[in-house]
Amino acid sequence: MIKLPSELAINKVEELHQLFVLELESGQSICIDISDVSKVDTASIQMLCALQKRLLNFDQRITWHGDSPILFESVEQLGLTEILSFSSKI
């Protein structure tokens with residue numbers, strides 16, 4: 001499981017991308033804990049969408065753990081709830 005930081009911002013994207021790559025290479029399913037996320041920007045959401053899209057190519061999805069109202073709200077405002085499979089959480 002990958003635990004996202006409280007501030008999900010562009011300056012964290014490269015570090016998180018590396019974690020996701022390692023997880024993908026391990027062949028494990030991707031489980032992301034979003035419970036600490038209290039701030040988010042569009043670059044981070046774009047990265048999550050890219051990860052989800054890549055996983056869909058292999059008939060997999062991100063498994064979300066925890067709750068982050070700010071992340072859910074931001075994803076909804078951008079119209080990306082279906083892409084990130086958040087629709088059941090909002």
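Val75 sits in helix 3, which covers residues 69–77; helices here are DSSP runs of H or I with at least four residues, numbered from the N terminus. The model is predicted, so local features need pLDDT of at least 70 and side-chain atom pairs count only at pLDDT 80 or more, while totals for chains, interfaces and linings use all residues. Residues are numbered from 1 along each chain as its sequence is written, and side-chain values use heavy atoms, with hydrogens and water left out.

Val75 counts as buried because its relative accessibility is 0%. Buried means under 20% relative accessible area, exposed means over 50%, and partly exposed lies in between, with a 1.4 Å probe and protein chains only. Leaving aside residues up to four places away in sequence, Val75 touches Ile45, Leu80, Thr81, Leu84 and Phe86; a contact means heavy atoms within 4.5 Å. Glu15 is 60 residues from Val75 along the chain, and their C-alpha atoms are 21 Å apart.

Phe86, one of the residues that Val75 touches, also takes part in ring pairing with Phe72. A search of the whole structure gives two aromatic pairs. Rings of Phe, Tyr and Trp (its six-membered ring) pair if their centres lie within 6.5 Å; planes under 30 degrees apart count as stacked, over 60 as edge-to-face and the rest as tilted. Phe72 and Phe86 make an edge-to-face pair, with 4.8 Å centre to centre and 80° between the planes. This pair links distant parts of the chain, since Phe72 belongs to helix 3 and Phe86 to the segment after helix 3, 14 residues apart. Both Phe72 and Phe86 are buried. Through ring pairs, Trp64, Phe72 and Phe86 are joined into a cluster.

Helix 2 spans residues 42–56 and contains Gln52. Gln52 is buried because its relative accessible area is 0%. A polar atom of the Gln52 side chain lies 2.8 Å from the backbone nitrogen of Ile62. Beyond residues up to four places away in sequence, Gln52 touches Arg61, Ile62, Ile83, Leu84 and Ser85.

What is the count of disulfides? It comes to zero, where a disulfide is a pair of cysteine sulfur atoms within 2.5 Å. Cys31 is in no disulfide, its nearest cysteine sulfur being that of Cys49. Cys49 counts as buried because its relative accessibility is 13%.

Conventions
Helices (H or I, at least four residues) and strands (E, at least two) are DSSP runs, numbered from the N terminus. A polar contact is a pair of N or O atoms within 3.5 Å; within protein, one must be able to donate a hydrogen and the other to accept it, and residues adjacent in sequence count only if both atoms are side-chain atoms.
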